[in-house]
Amino acid sequence: MADCIILIGFMGAGKSTVGKLLASRLQYEFLDTDELIKEKFKMSIPEIFEKFGEEYFRKGEKEVIKSIPLDTKAVIACGGGSVIDPDNVECLKKLGKIIYLKAKPETLAMRVSGNHDRPLLESDGQAVIDKIISLIEKREKIYSECCDESIDTDEYNAKKTVEILIGIV
Ligand code: S3P
């Protein structure tokens, strides 16, 4: 079993929900990079974006990822944009096994609907799906290339995804 199991993928892929369940099944610590950023700045993600902009958020994201000690044993849910920065990928690879939780834009849109914690998806209906499609187009290659394994989660709930994960980590 890898020291850290690192969950990556688009917003709404289920990284936090699945990550918490997996951590409790494995009796591992659970870390969520978004939560670490919120603690660092004592602010919500939308507040950080609104007051300081995305670049500042990304800087904070990079700092929290870099600050995770190499001897950590945890399930880590990473913000959807974290692996865009190759330095973050390098840090995460040193920590453990990277798993990409995949889902179709329609599934992701359904899972993020009604949630206002994600400034990059602040729209409704078809506009959210369009934003997701355009961001995924830019990110898909990065997600697929930096992961050790991937799971298509469209057909699975969090519990089933955890069962599959336990078989591969
Ligand atoms: C982002 C994903 C979010 C959060 C921020 C930016 C992204 O995390 O880090 O809103 O760029 O994909 P989740 O993937 O946990 O929603």
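Begin at the second largest pocket, about 160 Å³ in volume. This is a predicted model, in which local features need pLDDT of at least 70, side-chain atom pairs count only at pLDDT 80 or more, and totals for chains, interfaces and linings use all residues. Residues are numbered from 1 along each chain as its sequence is written, and side-chain values use heavy atoms, without hydrogens and water.

A pocket is an open set of points on a 1 Å grid over the protein atoms alone, where a 1.4 Å probe fits, with protein on both sides within 12 Å along at least five of seven lines; lining residues have an atom within 4 Å of a point. Volume is the space filled by probe spheres set on the points, joined across faces, edges and corners.

Select V112, S113, G114, S123 and V128: of 14 lining residues, these lie nearest the centre of the second largest pocket. α6 (105-112) gives the largest share of that lining, three residues. Helices (H or I, at least four residues) and strands (E, at least two) are DSSP runs, numbered from the N terminus.

Next, the largest pocket, about 660 Å³. Select M11, S16, D32, D34 and R118, the closest to its centre among 30 lining residues. α1 supplies the largest share of this lining, four residues.

Now show the open sheet: five strands, order β2-β3-β1-β4-β5, with parallel pairing. Strands pair if DSSP finds at least two bridges between them. β2 (29-32) and β5 (149-152) are at the edges with a single partner strand each, so one side of each has no neighbour in the sheet. Finish on β1 (residues 4-8) and β4 (residues 96-102), paired over five bridges. There, C4 stands opposite G96.
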